[in-house]
Amino acid sequence: MRTWETIIRATDPVTGELKTFGGPNIQAPSQQLAHEYCQANGMGYCRIGNEIVAEILARPDGSPDWNQRIDYDNNNN
C-alpha cells in the first residue's frame, strides 16, 4: 500500500506563530483516497502531501544510516 505524508498548519501555543507540522502517515492507494480517509476519520485538518518512498534513519551522531533504509517503494510493488 502506498504511504502519504500529512501536513498540519497550526498556531504554536508558545509563540503564537503559524507553523507547519508533520501529521500521521496515511496508507492509501492514491492521494485522493488518502484525503477521503482523513475527511471520514476526523482528520480533516490534515493536508495530504507527497508520497513517502523511503525513510533514512539517523545514527546517534545525526548522520544518515543508509544501511537501515526503509524502502516503501519496493514494498508497494
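Leaving aside neighbours within four places in sequence, which residues is Ile48 in contact with? They are Trp4, Glu5, Thr6, Gln31, Ala34, His35 and Cys38, where contact means heavy atoms within 4.5 Å. This is a predicted model, in which local features need pLDDT of at least 70 and side-chain atom pairs count only at pLDDT 80 or more, while totals for chains, interfaces and linings use all residues. Residues are numbered from 1 along each chain as its sequence is written, and side-chain values use heavy atoms, with hydrogens and water left out.

**Confidence**

- The mean pLDDT of the protein is 93, and 95% of its residues reach 70 or more; pLDDT is the predictor's confidence in each residue, from 0 to 100.
- Confidence is highest in helix H1, at 98, and lowest in helix H2 (residues 72-76), at a mean of 68.
- Helices (H or I, at least four residues) and strands (E, at least two) are DSSP runs, numbered from the N terminus.
- Where pLDDT is low, the predicted coordinates should not be read in detail.

**Strands S1 and S2**

- Strands S1 and S2 (residues 18-22) run antiparallel and are joined by five bridges; two strands pair if DSSP finds at least two bridges between them.
- The two strands form a hairpin with six residues between them.
- Gly16, in the turn of this hairpin, has a positive phi of about 80 degrees.
- Ala10 has Lys19 of S2 as its bridge partner.

**Nonpolar core**

- The largest nonpolar core has nine residues: Trp4, Ile8, Ile26, Ala28, Ala34, Cys38, Met43, Cys46 and Ile48.
- At least two residues of this core come from strand S1 (3-11), and at least two from helix H1 (31-40).
- A nonpolar core is a set of buried Ala, Val, Leu, Ile, Met, Phe, Trp, Tyr and Cys residues joined through side-chain atoms within 4.5 Å.
- Buried means under 20% relative accessible area and exposed over 50%, with partly exposed in between (1.4 Å probe, protein chains only).
- In soluble globular proteins, nonpolar side chains tend to be buried together.

**Cysteines**

- The structure holds zero disulfides, a disulfide being a pair of cysteine sulfur atoms within 2.5 Å.
- Cys38 is in no disulfide, and its nearest cysteine sulfur, that of Cys46, is 5.0 Å away.
- Cys46 is likewise in no disulfide.
- Cys38 counts as buried at 1% relative accessibility, and Cys46 counts as buried at 4%.

**Salt bridges**

- There are four salt bridges, each a side-chain nitrogen of Lys or Arg within 4 Å of a carboxyl oxygen of Asp or Glu.
- Lys19 forms one of them with Asp12, and the closest N and O atoms are 2.9 Å apart.
- In that pair, Lys19 is partly exposed at 29% relative accessible area, whereas Asp12 is buried at 12%.
- Asp65 and Arg59 meet through their side chains in a salt bridge of 3.8 Å, N to O.
- Arg59 is partly exposed, with a relative accessible area of 37%.
- Asp71 and Arg69 also form a salt bridge, at 3.8 Å from N to O, and Arg69 is partly exposed at 42%.

**Around Asp65**

- Asp65 lies in the loop between strand S5 (54-55) and strand S6 (70-71).
- Its relative accessibility is 15%, so Asp65 counts as buried.
- Apart from neighbours within four places in sequence, Asp65 is in contact with Ile56, Leu57, Ala58 and Arg59.
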